[in-house]
Amino acid sequence: MDLNTDAIAISDLHKYYGRFHALQGINLTIRKGEKVVVCGPSGSGKSTLIRCINQLEEHDAGDIRVFGTLLDDNVGSIDEIRREVGMVFQHFNLFPHMTVLENCTLAPTLVRKISRAEAEKTAMRFLEKVRIPDQAHKFPGQLSGGQQQRVAIARALCMQPHILLFDEPTSALDPEMIAEVLDVMVSLATEGMTMVCVTHEMGFARKVADRVIFMDKGEIVEEAPPEEFFSAPKNERSKLFLAQVLGH
Amino acid sequence: MTLATDFRPRHSRLYRLRRAYFASPLTGLVTLLSVAILAWLAWIVLDWTVLQATFDADANQAICAERAGACWSVIANRWRIILFGLYPLDEQWRAGVACAVVALVIVLSCLPLMWRFSRLALVWVLGTAVFYTLMRGGIFGLVPVNEQQWGGLPLTLFIFVATGILGMPLAIGLALMRRSELPVIARVSGWIIDTIRSLPLLAILFTCAIVLPFMLPGFLIGEKLYRVIFGAALFFAAYQAEIIRGGFQGIPRGQEEAAKALGLGYWQRMGKVVLPQAFRLALPATINQFVIAFMETSLVVVVGFMELLAASNTAFRTGEWRFAYIEVYVFISAIYFAFVFGLSRYGAWLEARMSAGQRKD
Amino acid sequence: MDRASFWRSKTIRDGVLQAAFLAALIGLVLTAVLTARANLAAQGLTSGFDFLWKSTGWEMNFTLLHSERDDPYWYFLLLGLMNTLFMGTIGLAGASVIGLVVGLMRSGRNPAARLLGTLYIELFRNLPLIVQLFFWYALANALPNPRQAIEFAGAIISSRGIYVPGLTVTSGAVALAVAALLIGAALAIWIATARRFRRMERQRQRGAALMAFGLAALVAVIALVTGHDSTQPWTTFPAVDGLRVSGGFRIQPEFYCLAIAIMTYGGAYIGEIVRGGFKAVGRGQMEASRALGLSNWQVFTQVQMPLAFRAMLPILINQYVWLIKATTLGIAVGFSDFFMVIASSINHSGQTIEFISILVGGFLFINFSLAAILNRLNRAIALKGHQTGGAA
Ligand SMILES: Nc1ncnc2c1ncn2[C@@H]1O[C@H](COP(=O)(O)OP(=O)(O)O)[C@@H](O)[C@H]1O
Ligand SMILES: [Mg+2]
């Protein structure tokens with residue numbers, strides 16, 4: 001693992017679900033510290049793509065390198081990459097049988113072998129960062145959706161990852177809670193975290209993204225800085241998509 | 001609905017009684033019949049167990065026969081055989097204490113406070129160790145008592161506890177294997193589970209007790225009791241594995257994915273994320289399975305063990321108490337009933353508590 | 001590839017793990033088979049299934065068809081299997097009837113009936129089946145001996161068994177007749193209800209069903225007539241004859257005790273399942289049918305029963321499979337079911353591996369065919385399409 005190379009380098013990535021060709025030759029390089037927003041119609045393969053990066057899905061062909069480490073058949077490389085890549089899910093996926101604090105300290109103590117006291121200190125720091133330190137001893141079921149998603153972000157941060165993947169982090173939230181989560185994400189972005197976000201929050205994309213990637217039918221159709229993408233999309237399908245998303 | 005009842009005029013008690021019991025000629029008939037049967041049953045039971053019964057410990061058949069009710073003298077004379085089988089008379093206090101230890105273990109595991117894997121494992125292993133030391137003896141100045149002399153309630157409890165201790169890890173193993181990503185392991189363990197489940201427990205016990213010695217190399221044969229316990233544990237595990245699998249199915253996929261994304265390894269994911277949640281979901285069914293396992297300990301009578309049922313059979317089959325079999329069966333039924341009813345009530349209470357907790361979230 | 005990375009390869013690890021698992025299993029089975037063979041050889045026995053055609057040299061105390069000591073093993077196994085299925089059918093039918101009654105009592109609105117149902121279920125469900133079986137058997141053995149036997153409605157009840165009036169027909173003929181009637185009834189029900197025949201006119205459909213059953217009944221009568229010894233009268237009545245009972249048809253204590261135990265115990269479990277089924281019927285459907293003006297009875301038979309039955313069938317299937325397995329308890333009192341035949345055969349012949357595989361095969365066959373039939377029924381009657389509503 002070499003922190004001076006590109007954070008993520010994907011070349012000619014293919015993924016099949018049975019006979020369905022979900023990713024059809026993806027090429028994508030993300031530099032360290034870059035913020036990339038991935039968008040596209042539902043079913044276009046956005047989730048599949050970012051889940052390949054931490055191997056929640058096994059890819060069928062092509063190379064994925066994370067900080068130079070090739071994701072191959074080697075068991076060690078997957079473990080190594082999952083330690084360094086955090087992920088935030090659409091449905092939070094907090095562990096309901098653990099308190100917020102336990103959710104946050106679980107992986108650091110088990111995977112990084114940090115002492116409990118230290119892990120709790122780190123966890124409190126990140127819970128403060130996402131502005132819910134007072135909820136540390138509650139269970140996820142006792143929190144609102146927005147709070148849960150912020151806990152999920154804190155949980156991912158506690159592993160002190162170099163890259164954070166977001167898979168539609170706000171689409172399961174009520175409108176009034178979206179802002180509180182986006183705020184946290186924006187502040188993360190300003191601190192230099194490498195971020196790959198699948199989201200349809202175009203305001204967020206405009207504000208923080210270095211690049212917007214538009215996917216359709218398992219391919220990257222368009223790739224551009226946000227101003228360019230929103231003001232002058234080149235591709236027909238991106239135009240149609242933008243009209244639908246922004247039209248609402 | 002609830003709103004409407006608030007405005008309804010209140011009816012007299014008589015009216016409500018009549019509505020519940022005599023709304024139509026048919027319900028009236030059902031009521032009369034049920035009440036008659038209930039009263040008749042209550043009278044027979046009361047009459048037989050108390051009013052006409054003989055409580056004198058020194059009574060014999062002739063004295064008992066003078067009265068029409070139960071002859072409880074048989075219990076007074078035979079309770080040691082029923083409860084402890086052929087365990088040496090002078091050492092029976094040890095068997096009694098051992099039973100109390102097991103009862104304590106069971107009560108402890110019912111307390112939510114104890115629901116940590118480590119605590120449960122500790123209590124059960126420790127309890128079994130104390131039980132075994134007490135029963136078997138040979139150390140701490142206790143006279144050694146061979147397993148073949150064990151009998152009655154301690155043997156029943158030992159088989160039950162040992163089945164649980166052995167069966168539960170086996171069940172977890174089978175359940176994990178059945179959901180393995182490795183197709184051969186998943187498929188084959190699925191076959192094993194399904195096959196065991198379609199066999200009758202009695203056939204498995206019989207195979208273990210009588211047939212297995214022909215099929216195992218000498219050093220693996222071991223004591224018959226432990227072979228039978230192994231068979232019971234295997235059967236328990238096959239059923240419990242399916243219960244745990246039901247628990248797995250209730251956990252959203254995202255839970256394991258989140259654990260993977262955090263970098264947790266397989267055993268960490270299973271131990272900290274998947275299994276705790278699966279067990280919570282499967283708790284009522286698990287308790288039910290334990291209840292069934294307890295009742296099924298009585299099947300070992302068929303392969304020649306002196307557990308509670310067999311011991312009580314010998315208690316009345318010897319000469320003078322031959323006539324008093326009903327009393328003996330009522331006595332051990334009360335023991336079984338207390339245990340089984342208590343545990344299943346507890347399970348029902350837990351289920352209600354859990355579903356109430358779910359609604360709150 | 002160096003050694004470290006060889007072991008870190010996921011493909012190789014997975015492959016090795018699975019191979020090791022299979023090897024361990026095969027090793028276990030092989031050890032068992034080889035040891036058993038060696039033990040057999042030491043006793044001068046050969047392995048293989050040739051012994052199936054040897055005669056057994058012992059007797060079965062309960063058979064549906066004629067049997068004697070010299071019959072071969074395969075025939076005894078067949079008789080045992082028939083006994084298991086026979087006991088299973090009777091047990092399941094009785095348990096279902098009891099279960100339906102107590103389940104209805106438990107879900108009704110009449111508190112007295114509810115209490116009675118609850119008492120029944122809690123009593124019979126919370127005691128081990130084998131304890132109940134022993135109790136019934138002890139009770140049956142404590143009945144008066146034939147000399148003082150109780151006579152009741154033409155039957156003679158004694159410790160040797162219950163003697164009832166019967167037909168003087170060979171058991172094989174009776175078995176054939178019963179089988180014919182059952183097949184006929186099944187055929188008739190199928191014709192009367194199956195979708196395939198929906199397009200037929202109602203009249204003709206009914207006619208066809210009746211015809212099928214009539215044909216079966218004819219076969220049954222012919223079977224009975226051919227099986228009847230013409231030198232004797234058609235019926236036989238039991239009578240006390242000194243120390244024993246002569247004539248009539250004897251129902252052995254082993255048989256009826258096991259049947260009673262399975263029925264009462266199973267009935268308690270099925271009662272709970274029935275209650276669960278009724279609870280699962282949505283309030284809305286009941287209210288809707290009342291609003292349509294259906295009478296209580298109509299609501300019950302047309303809406304509540306069919307919906308409840310669909311809700312409980314999947315659980316009922318498991319319970320039935322369980323109850324069939326419970327027939328093996330026959331060995332505790334000496335009813336020769338399939339398992340008891342196997343157990344005695346092992347004792348007499350020493351052919352362990354062979355009989356264990358027959359045992360496993362037999363029960364897999366029984367369970368899978370029962371489950372297959374019931375699952376088919378379940379699929380046939382299951383509500384089609386996506387369901388909304390139901391019990392909240
Ligand atoms: N586990 C799976 N099995 C089969 N097909 C899948 C699976 N996951 C996703 N797909 C299919 O792959 C395509 C891409 O899915 P996904 O990446 O989730 O799309 P997006 O996140 O862009 O909405 C969809 O057509 C989806 O139906
Ligand atoms: Mg998606």
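A polar contact here is a pair of N or O atoms within 3.5 Å. With that cut-off in hand, a polar side-chain atom of A:Lys46 sits 2.9 Å from an oxygen atom of ligand 1, so the pair counts as a polar contact. Keep in mind that this is a predicted model.

- On its own, ligand 1 has 560 Å² of accessible area, and the protein covers 61% of that.

**The shell around ligand 1**
- Two elements of chain A, strand 2 (20-30) and helix 1 (46-53), each give two or more residues to the shell.
- Helix 1 of chain A supplies the largest share, three residues.
- The residues around the ligand include A:Phe20, A:Ala22, A:Pro41, A:Ser47 and A:Thr48.
- Sorted by class, the shell has six polar, four nonpolar and one charged residues.

**Where chain C meets chain A**
- Chain C brings six residues to the contact and chain A brings five.
- Between them the two chains bury about 510 Å², with 44% of it on carbon and sulfur atoms.
- Three residue pairs are in polar contact across this interface, while the salt-bridge count is zero.
- On the chain C side, helix 2 (residues 10-42) gives the largest share, four residues.
- That side of chain C has three charged, two polar and one nonpolar residues.

Definitions and conventions:
Residues numbered from 1 in each chain as written. Chains lettered and ligands numbered in written order. Predicted model: local features only at pLDDT ≥ 70, side-chain atom pairs only at ≥ 80, totals over all residues. Heavy atoms only, no water. Near = heavy atom within 4 Å. Polar contact = N/O pair within 3.5 Å; in protein donor to acceptor, adjacent residues only side chain to side chain. Areas by Shrake-Rupley, 256 points an atom, 1.4 Å probe, with all protein chains shown as cover. Nonpolar A, V, L, I, M, F, W, Y, C, P; charged D, E, K, R; others polar. Contact = heavy atoms within 4.5 Å. Buried area = accessible area lost by both parts, 1.4 Å probe. Salt bridge = Lys/Arg side-chain N within 4 Å of Asp/Glu carboxyl O.
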